[in-house]
Structures are given as structure tokens and as C-alpha cells.
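I will look up one thing at a time and write down what I find.

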Amino acid sequence: MSEPRAPGRWTRRRALGIGVAACASLALGGAGVRAFRELARLHRLRAVRHRMGTEVAVTVHHTDPVEARRLAGAAFAEIERLEGILSRHRRGTALDRLNREGRLDDAPPELTGLLTEARTYSELTGGAFDITVAPLLRLYESAAAGGRLLGRAEIRATLPLVDYRNVHVEASTVRLLEPGMEVTLDAIAKGYIADRATAVLVDGRAVHAMVEAGGDVASAGGSGGTGPWRVGIEDPRVPGAMLGVVELDGEGAATSGDYRAAFTPDRAAHHILDPRTGHSPGEASAATVVAPTASKADALSTAVLLLGPDAGLALLDATDGTEGLVVGKDGTASRSRGFGRYLA
């Protein structure tokens, strides 16, 4: 559904980001007193470091403050370990080796597992989500660095290298079937790593936990025993402004937008590229998705942005456990049928 402009509503916004809002307040009474007592014995720790090219925040609620600090460190260690496998930006990672050599015979399970998961999203979205757009990204990045616009012929010449079906995974062996192919996990790895870091916190008996990585959020349990985590959807065009708040209680959320890495001042060309055309989408400016995991939300927010409001929301309505919001280039906000249940 689309909503008209009105103060404080989902209107006139062209891009989204995820940020943490205030936690829900306690309602005292029988249940409220019990929640207050639980909250009083919990220690809250929030640690922030620069990882994966963005600010990553780990929030832990634990009965032991020393253990909370240890768990936050363990979560960041897991983030660092996984980034050392899945990043295309670091030399020597498993993904970097695959892209340079076209084949990897000793691929770690984290890489093969994520490649397999990514393929399911490619199939689900009819190819809108495609991890083999890396050659196109390199083409755009090179042109932007040189201050020039890409010609249609250059884009057409690169498109044959883009096809998720040409990534072959068998046991620990991964092959790229076309010479010159490359894989990027930028549209799924942050969510996946946030999920894995949150699992470290849960395994360490954190009562409540959340990991934020740029526009991706993974959560476990409610915030401090007072209810779900309250996560703000921010308007990056207006610093400090917020479009609204969604509530997460174990779900993941992610936002994709044309503002995160634009190649042109008007954001007509940006880092999200349609694998079918080689161009950035023309209908949507941003998409936010809530899903059972941050990796799924991450992948589907990219796909929904590419598909546009109508097809993107139809996909979410047809996919169990996923809801979302899309903002068009004209500022019109549309949301899936069940997205309202996540709104605070």
C-alpha cells in the first residue's frame, strides 16, 4: 500500500538506514515488577569497532559484567575471522582466491554454505539477487575513479560474466565456470556475519543481544527484559531524522539504498546493479526488510530494491516470515501487508 504525505508518517523519504532507538519502557504492575527485577540484575555492554568497512556495534545484556565484556570480544573475533574468509576487498581471503583463480578446492564451509544460501535467494528472486555482479561493480568503480561515464557497449560486454548459475559448489570445491567471473558477497555477508556474531553471544548465555553492522541488524531476545529491541529506520537525507521504529525479538533487519555508494551525484548509478541490465534500478530509492535472519533480510532488501515497489513487495508477501518497506524515487513509501506488526 502507498501512503500520502503526512507529518510523522512514512512519507517523502528517499533512503533508509538502521539505527537503534530507545528501548521500550517498563509498565509496572505484576509482570512489570518482575521485568524490573530481572533488568536490575543485568549488565548492559555496548562495544563499537570499525569492521567490514563500517561501524559495527555489539550490545550484550548479561548477569556478569566480566562475561559480557568477554563475549563482546568473542563476537568481534568471530566477525574478524569471517571477514577474513568472505571479504572480496581483502587480499588472501578465500573469496579473493576464488576470484583470482576461478577455482577453490579447499573452500571453508562458511564460504560454501553462504554461496549455497545465496543461490537460494537468486532462485527465489528470479535472478534479481546475483552475487556474480562483481565484474560490473569493478567496471563502475573504475569509471567513477576516472571521473567518466560508462558507455552502453562496456556494460553489454561485461554482462556475459554475470550469472549465478555459473557458480558451481560441490563439497569443498567451488568453480566459476566462465573465465573472468568474480563473486561479491557484499549484499549478504554483513547480515550473515551479524547472525554468526549474535550466535556467539547467545551461546555464551547472553540474556539479550544485538549486532548492528551498517544497515544490517541481528537480534536475540528482547531488550533488557523490557520487550523487543526497538530499531529506528533513519532518513539519511536528513541527519538525525527517523522515519519510524520497528520492533525485533530475534528477527533480522536490513536496509539497501541508493545513497550508500553512489557513482553519480544524482544517484542514478550506485552500488546496487541489476544483473539483467547492468544498470542501477530506476524505481526505488531504498528498501527495508525484516526476516528471520539478518542474512535473509540483507539479500532480500537488495532484491526488493532491484525489483521495485510492486514486484518487490509481492515477493515479500509471497515469502513466509518476511515483511518490508520500499521508498520510490518520488518519495512514495509502500509496505508489505504484514509490515505494520513490526512498527512500534
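This is a predicted model: local features need pLDDT of at least 70, side-chain atom pairs count only at pLDDT 80 or more; totals for chains, interfaces and linings use all residues.

How many helices and strands does the protein have? I count 9 helices and 15 strands.

**Entry 1: the whole protein**

I looked up burial next. Buried residues make up 55% of the 344 residues. Then I checked the contacts between residues at least 6 apart in sequence. Of these, 64% join residues at least 24 apart. I also looked up the surface. The protein exposes about 14,800 Å². Carbon and sulfur atoms supply 50% of that area.

**Entry 2: H2 against H4**

I moved on to pairs of helices. H2 covers residues 65-86. Its axis and that of H4 come within 9 Å and cross at roughly 70°. Are the two parallel or perpendicular? An angle from 65 to 115 degrees counts as roughly perpendicular, so H2 and H4 are roughly perpendicular to each other.

Which residues make the contact? From H2, I list Arg 81, Leu 82, Ile 85 and Leu 86. From H4, I list Glu 110, Leu 111 and Leu 114. I sorted them by class and got 5 nonpolar, no polar and 2 charged residues.

An α-helix has 3.6 residues a turn, so residues three or four places apart point the same way.

**Entry 3: H4 against H7**

H4 runs over residues 109-124, and H7 over residues 189-203. Their axes come within 12 Å and cross at roughly 125°. That angle makes H4 oblique to H7. The crossing is right-handed.

On the H4 side, the contact is made by Glu 110, Leu 114 and Glu 117. On the H7 side, Ala 189, Tyr 192 and Arg 196 take part. By class, I find 3 nonpolar, no polar and 3 charged residues.

**Entry 4: H7 against H8**

H8 spans residues 294-307. The axes of H7 and H8 come within 7 Å and cross at roughly 170°. Do they count as parallel or antiparallel? Angles over 145 degrees count as roughly antiparallel, so H7 and H8 are roughly antiparallel to each other. This crossing is right-handed.

H7 brings Ala 189, Lys 190, Gly 191, Tyr 192 and Asp 195 to the contact. H8 brings Ala 294, Ser 295 and Asp 298. The classes are 3 nonpolar, 2 polar and 3 charged residues.

**Entry 5: what H3 hides**

H3 takes up residues 94-101. Which of its residues are buried? I find Ala 94, Leu 95, Asp 96, Leu 98 and Asn 99. Then I looked for what covers them. The cover includes two helices already on my pages, H2 and H4. It also includes strand E5 (103-104) and strand E7 (173-176). Just after H3 comes Gly 102, which takes a positive phi of about 80°.

**Entry 6: Arg 337**

Where is Arg 337 found? It is in the segment after strand E15 (333-335). Is Arg 337 buried or exposed? Its relative accessible area is 69%. Exposed means over 50%, so Arg 337 is exposed.

I then checked what Arg 337 touches, leaving out residues up to four places away in sequence. The residues are Asp 317 and Glu 323. I also looked up Leu 313. Arg 337 and Leu 313 are 24 residues apart in sequence. In space they are 8.4 Å apart, C-alpha to C-alpha.

Notes. Residues are numbered from 1 along each chain as its sequence is written. Side-chain values use heavy atoms; hydrogens and water are left out. Helices (H or I, at least four residues) and strands (E, at least two) are DSSP runs, numbered from the N terminus. Buried means under 20% relative accessible area, exposed over 50%, partly exposed in between (1.4 Å probe, protein chains only). Contact means heavy atoms within 4.5 Å. Accessible areas come from the Shrake-Rupley method with a 1.4 Å probe; for residues, only the protein chains shown count as cover. Axes are lines fitted to C-alpha atoms, for helices over the stretch in contact, and angles run from 0 to 180 degrees between N-to-C directions. Angles under 35 degrees count as roughly parallel, over 145 as roughly antiparallel, 65 to 115 as roughly perpendicular and the rest as oblique. A crossing is left-handed if the near helix is turned anticlockwise from the far one by less than a right angle, and right-handed if clockwise. Ala, Val, Leu, Ile, Met, Phe, Trp, Tyr, Cys and Pro count as nonpolar, Asp, Glu, Lys and Arg as charged, and the others, Gly among them, as polar.
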